[in-house]
Amino acid sequence: MSGVVVLAGGVGGARFLRGVREAERRRENPRPITAIVNTGDDAWLAGLRITPDLDSVMYTLAGVNDETRGWGRVGESERVSGELRSYGVGWPWFTLGDLDLGTHIARTSWLREGVPLSGVVERLLERWDIGIRMLPTTDDEVETHIELEDGSLMHFQEWWTRHRAALPAKRFVSVGVESARPAPGVLEAIIDADVIMIATSNPVVSIGTILDIPFVRETLESMTVKAPVVGVSPIIAGAAVRGMADACLRTIGVETSAAAVARHYGLRSEGGLLDAWLVDTADEDDLEELAELGFITGSRPLLLSSVEESADIVDAALALVHR
Ligand code: GDP
Ligand code: CA
């Protein structure tokens, strides 16, 4: 069995995964953990392949992330970025830190040698001991774009980071998704899992983009998967925590509430994704509706404040399906 399998995005996913790792460490028999990480935010920038969500998870679990800023490496400097800006190379609104650039250069050099992204991740992790297995959702280049009102496409990073998700969007498009395939190990991990967790990540551009890779959603929702699927709400008190996930939910016509996100993921017994959904105490009003729909539910504070607290949240989610 492949233990605990977690679908995760970047910053929210990383904080959640830190809790999963701690929760397993506290067990008498820790199970292996596999994170299937979103690659929809990836982009080519200044000649380099950047993979923001994989990096957020890697840096956070390696303990070298910048806690205050919320992303990137601790002790970062931006000398190279300044030079690139002077040449007009890259996106001036997207900072590439010097230490971070080291990772991007290493990644790109391996990709150019023909190593697939999953192999690149393996090589990067030879340096960083993160205690879990991390898989990109796909080795293929599938990038999330936003279709704007005038029909033009914009890379997700530009819409999110440069425009702070303020430009009205018609829909999200996963460019290249049709011919993409899950990375080696992704479907196997899902099929062999003891339990599958949906992290407190953006339901649209982190979890949604993972599910959209051909065969991922189909496998999760099929009867070959015996493991229970439990999600933890990224929405607290009807709002996204430190973020603009509401702009993404609005675009796909889903209300920003814990219950609406659960309904959007759907109930497994009815062809959807989830067996169980943990909400914050502030969203207890949603519990009755969710229970009536057939979800196994519970509530507790869901702020991933410390590692200990995050592990307690993970334990509470696991308890819903191990009852
Ligand atoms: P990104 O790829 O860096 O945007 O990160 P993710 O997609 O993994 O996570 C973003 C989501 O994490 C946001 O929608 C937030 O609502 C959620 N989030 C961030 N911090 C917390 C927290 O402390 N608790 C919960 N429940 N959700 C959180
Ligand atoms: Ca992301």
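These legends accompany several close-up views of a predicted model.

Local features are described where pLDDT is at least 70, side-chain atom pairs count only at pLDDT 80 or more, and totals for chains, interfaces and linings use all residues. Residues are numbered from 1 along each chain as its sequence is written, chains are lettered from A and ligands numbered from 1 in the order in which they are written, and side-chain values use heavy atoms, with hydrogens and water left out.

**View 1. The shell around ligand 1.** Let's begin with the ligand. Ligand 1 is surrounded by 20 residues, and V11, S201, S206, P234 and R242 are the closest (a residue is near if one of its heavy atoms lies within 4 Å). By class, the shell holds nine nonpolar, nine polar and two charged residues (Ala, Val, Leu, Ile, Met, Phe, Trp, Tyr, Cys and Pro count as nonpolar, Asp, Glu, Lys and Arg as charged, and the others, Gly among them, as polar). Helix α1, residues 11-26, gives the most to this shell, with three residues (helices are DSSP runs of H or I with at least four residues, strands are runs of E with at least two, and both are numbered from the N terminus).

**View 2. Polar atoms beside ligand 1.** Which protein atoms sit beside the polar atoms of the ligand? Polar backbone atoms lie 2.9 Å from a ligand oxygen at G10 and 2.6 Å from a ligand oxygen at P234. At R242, an N or O atom of the side chain is 2.6 Å from a nitrogen atom of ligand 1. The protein buries 91% of the 590 Å² that ligand 1 exposes when taken alone (accessible areas come from the Shrake-Rupley method with a 1.4 Å probe).

**View 3. The second largest pocket.** This pocket has a volume of about 280 Å³ (on a 1 Å grid over the protein atoms alone, a pocket is an open set of points with protein on both sides within 12 Å along at least five of seven lines, and lining residues have an atom within 4 Å of a point; a volume is the space filled by probe spheres set on the points). Its lining counts 18 residues, with V204, G208, T209, D212 and R217 the closest to the centre. Strand β8 (169-175) and helices α8 (207-211) and α11 (258-265) each give two or more residues to this lining.

**View 4. The largest cavity.** About 80 Å³ is the volume of the largest cavity (a cavity is a set of grid points where a 1.4 Å probe fits but cannot get out). Among the residues that line this cavity are L45, A46, W91 and F94, while helix α3 (residues 79-87) gives the most, with three residues. The lining divides into eight nonpolar, two polar and one charged. A46 lies in the loop between β3 (43-45) and β4 (48-50); its phi is near 50°, a positive value in a residue other than glycine.

**View 5. The second largest cavity.** Here the space is about 40 Å³. N38, T39, G40 and T209 are among the lining residues, and the classes come to two nonpolar, six polar and one charged.

View 6. Is T138 buried or exposed? T138 is buried, with a relative accessible area of 0% (buried means under 20%, with a 1.4 Å probe and protein chains only). This threonine lies in the loop between β5 (133-136) and β6 (143-148), and a polar atom of its side chain is 2.6 Å from the backbone oxygen of R181.

Definitions and conventions: A polar contact is a pair of N or O atoms within 3.5 Å; within protein, one must be able to donate a hydrogen and the other to accept it, and residues adjacent in sequence count only if both atoms are side-chain atoms. Buried means under 20% relative accessible area, exposed over 50%, partly exposed in between (1.4 Å probe, protein chains only).
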